[in-house]
Every structure is written in C-alpha cells, then in structure tokens.
Amino acid sequence: MTGEYAVILRGTEDRGEGPGVVYLTARPGAAVVGEHFHPNMIERFTVFSGRLDACIAGKTFCLGPGQSATAEAGVAHDWWNSSKTDEAQILIEIQRAHGADHIDPNRFELLIGMLFGLANAGKVDKKGRPSPLQAAVIAREFADVIVFTRPPPAIQRVALSILAPLANLLGYRAIDPIYCKPHAHITPAAEILDRAGLPAT
C-alpha cells in the first residue's frame, strides 16, 4: 500500500551488537506512513539508486546515489520517492541511541513485521494505515520504538487512553505472530548485498 518492499539483512537472529540493516525498495510515489520519530533509536538512510526525498528536523532535501542522511533519536523525519518512473534502492540502518541500552532494538523489526503483515492481509487503508482500534494498540505497545507527530501528542494521549482499552476488549492485538514473519519470497542476503555492491561479510 505504501509502495515499500523491505528485506531484512541483519535482524533479530544475527544482529549481535551492530545495527539492524534493511534493504528497502521504494516504488515511484512510495511514502512512509507519516512523519514520526524514534525516541530511542537512530535511523540512517543510504541511497544506492534512484532518489529519496526526505524531511528531517524540518529540513527537506533530496538524496541521490551514494548520499546518506541520519535521523537522530527524537528527531522527526519523513521520506518519500517523488519520482514518477524510477524505484529507489535504499539501505537503512537502525541502532540504539547512546544511553538507550535498556531498549530492545529488535522491537523495530517486530513493529515493521506487524505493519507489513497487516498491509499484506488487506487490513490497512490506501495510505497503509491500520484501523483506529488496531493503530491504538500498536501505538501504545511500540511507543518506545516510534511516535507519529500527527495528531499532536496531547490528542494522541487522550485518544489512546480511550481507544486502546476498547481495542483490547474487542480482541485487537499489537503483536500477532501471524503477521510478524517474512511476508513474501525470501531473497538471500548475499544476493541483495551483491546488487547493492556491498561485501557479503
């Protein structure tokens, strides 16, 4: 729904102490669900082909092949592929911020697995957003991983205090094993790295 296809190159099973690494293909017109920040994580984007438009801390710019940008913990950011014809190939690295040793970095992978799973099951709208009740339980569960900037935080807190308990009563779950698994053909990591011109080790 959002035009994203992601392959986790280094994740829950093998990340060790290093960053999580995701190889992302963004189709023409692709866009992340909405502006957000990661309270305890640093996200770095490196473009291999195509272009990636981004807004980080209110500054908008365009990244081309070989260019990188970093969104520090707590810094609002958004990205999209404004091309009408070309895919963008991007390497994304996610790691804990300094002083966030208490945070499990693998929860980021769990979150995107859940969101991509809901999308593939047809349980999101045309912009890739889950229903309000599903979104409420996810937002509350993963508040340590991601926070969206809209609606304003005060409104979000009030809405979550009402919607999340109701969603729980109705059986909505923030983490569902059905969704938190690979969702498509598994491309070997070595093949993805070779396409990106990166060493396999």
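Predicted model: local features only at pLDDT ≥ 70, side-chain atom pairs only at ≥ 80, totals over all residues.
## Strands that pair

Two strands count as paired when DSSP finds at least two bridges between them. Strand β4 covers residues 41-49 and strand β9 covers residues 88-96, and eight bridges join the two in an antiparallel arrangement. For a handy landmark within this pair, find Val47, which stands opposite Ile90 in β9.

## The sheet around them

Now step back to the whole sheet. It is open, has five strands and pairs them antiparallel, in the order β1-β2-β9-β4-β7. The edges are formed by β1 (4-10) and β7 (68-71), each of which pairs on one side only. Going from one strand to the next, the twist averages 20°.

## A helix across the sheet

Helix α1, made of residues 107-120, lies across β1, β4 and β9. Its direction is at about 150° to that of β1.

On the α2 side, the contact is made by Pro132, Leu133, Ala136, Val137, Ala139 and Arg140. From α3 come Leu160, Leu163, Ala164, Pro165, Leu166, Ala167 and Asn168. Sorted by class, the contact of α2 with α3 has 11 nonpolar residues, one polar and one charged.

Note on methods: Residues numbered from 1 in each chain as written. Heavy atoms only, no water. Helix = DSSP H or I, 4+ residues; strand = E, 2+ residues; numbered from the N terminus. Axes fitted to C-alpha atoms, helices over the stretch in contact; angles between N-to-C directions. Contact = heavy atoms within 4.5 Å. Nonpolar A, V, L, I, M, F, W, Y, C, P; charged D, E, K, R; others polar.
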